[in-house]
Amino acid sequence: MRHIVSIRKIEIDEKKLTLKYIFLKHHISKYRSAGVRFASLLGFSFDDNYHYTRLKKNQVPVKRLPDVLVIGVKKCGTRALLEFLRLHPDVRAAGSEVHFFDKFYHKGFEWYRDKMPPTLEGQITMEKTPSYWVTRSAPKRVYAMNPGVKLLAVLRDPVTRAISDYTQSASKRPSLPRFEDLALINNSAGWGSSSMVDATWPPVRLGVYARPLKRWLRRFPRSRLLLINGERLIVDPAAEMARVQEFLGLKLVITEKHFYFNSTKGFPCLLKSESRSTPHCLGKTKGRSHPYIDPKTIERLRDYYKPFNKQFYQLAGINFGWP
Ligand SMILES: Nc1ncnc2c1ncn2[C@@H]1O[C@H](COP(=O)(O)OS(=O)(=O)O)[C@@H](OP(=O)(O)O)[C@H]1O
């Protein structure tokens, strides 16, 4: 039987909230998602069938510094990873990118903590900011916060990543030159094998994964960093999420039954989530259609990335098999 929580009265002071204002109601699905969020504030957990259980008596949720960070990589599927993880009742994540370790470090840890959602003891607090991956000072700063933090990074074929990055910029600036003209220099004779890759162009530069990985591994042992396969997160999200849950020491809750493949979007979507009980996909800024790119440019980029990918596989101890 499904239960949902509805709230009759909300006091401003959280501590004054008592269970007498909570009534379990049956089959009122429109209130369910709000109930899920509020129930967690009140010290309830829910299983994947939305059955509520009280976690621990008299526990008041508090904001804590993150135990887990999604540190990158931009355009590799970091939002999908976070939204999928949010399906887990023992995970609470900041809604938007906080950018603490790159832009707002000067504001201090109390500022950062305030950006986090309140959690109960035993629940994981997390946030994702993909630019941490390439922020030189981030590993040292993250280590200063908590040397035991767990790190998640999603990676995908750097050529697809570069095109995705470009597509995002082009959606904001339609006058942007073609991808081919930005990715290659000396291409007056066409985008052939004699053209040089512009290694300084950010969409290209960010695909050299070995350099940032080396920096993170100088601070953190390999066992604290999970490298998630961005391609597998699309074709088999449940399998990839099983790895993530195991790494985080979580009960296996996110499984096949949470996903369906939406053929119009071309991506896996959710049957239900923390905030919605109806099937839905990630927003329209995720899973954009990419422009046609000249195959010679793609070939040139693949050649360019080959040695870097090899170096990355060696450091990572995983062969991602990118073409
Ligand atoms: N389930 C699902 N739905 C939609 N999109 C998905 C999904 N899984 C992975 N992806 C891929 O994620 C790409 C966006 O990556 P990020 O979320 O890391 O982007 S960002 O750095 O936060 O801007 C996004 O890039 P684009 O395809 O270029 O839009 C997708 O390819």
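This is a dialogue about how to read some features of a predicted model.

User: Which residues surround the ligand, and which helix gives the most to the shell?

Analyst: A residue is near a molecule or strand if its C-beta atom, placed from the backbone, lies within 6 Å of it. Here 18 residues surround the ligand, and the closest are Thr78, Arg79, Ala80, Ser164 and Gly287. At least two residues of the shell come from each of helix H2 (78-85), helix H5 (158-172), helix H9 (230-235) and strand S15 (267-270), and H2 gives the most, with three residues. For the classes, Ala, Val, Leu, Ile, Met, Phe, Trp, Tyr, Cys and Pro count as nonpolar, Asp, Glu, Lys and Arg as charged, and the others, Gly among them, as polar. The shell around the ligand has eight nonpolar, five polar and five charged residues.

User: How do I describe two packed helices, and at what angle do H5 and H11 pack?

Analyst: Two packed helices are described by the angle between their axes and the distance between the axes. Axes are lines fitted to C-alpha atoms, for helices over the stretch in contact, and angles run from 0 to 180 degrees between N-to-C directions. Angles under 35 degrees count as roughly parallel, over 145 as roughly antiparallel, 65 to 115 as roughly perpendicular and the rest as oblique. H5 and helix H11 (residues 295-316) pack at about 125°, with their axes 9 Å apart, and they are therefore oblique to each other. On the H5 side the contact is made by Pro158, Val159 and Ala162, and on the H11 side by Ile298, Leu301, Arg302 and Tyr305, where two residues are in contact if their C-beta atoms, placed from the backbone, lie within 7 Å. By class, this contact of H5 with H11 has six nonpolar, no polar and one charged residues.

User: At what angle do helix H8 and H11 cross?

Analyst: The axes of helix H8 (residues 210-219) and H11 cross at roughly 25° and come within 9 Å, which makes H8 roughly parallel to H11. Ala210, Leu213, Lys214 and Leu217 of H8 make the contact with Phe308, Gln311, Phe312, Leu315 and Ala316 of H11. The residues of this contact of H8 with H11 divide into seven nonpolar, one polar and one charged.

User: Is Lys75 buried or exposed, and what is the phi of Lys75?

Analyst: A residue is buried if 20 or more other C-beta atoms lie within 10 Å of its own, exposed if 12 or fewer, and partly exposed in between, with C-beta atoms placed from the backbone. Lys75, in the loop between S6 and H2, counts as buried because it has 24 C-beta neighbours inside 10 Å. Lys75 has a positive phi of about 65° although it is not a glycine. In the protein chain, buried residues make up 31% of the 323 residues.

User: Where is His99 found?

Analyst: His99 lies in the loop between strand S7 (91-93) and helix H3 (109-114), and the phi of His99 is near 55°, a positive value in a residue other than glycine. With 16 C-beta neighbours inside 10 Å, His99 counts as partly exposed.

Definitions and conventions: Residues numbered from 1 in each chain as written. Predicted model: local features only at pLDDT ≥ 70, side-chain atom pairs only at ≥ 80, totals over all residues. Helix = DSSP H or I, 4+ residues; strand = E, 2+ residues; numbered from the N terminus.
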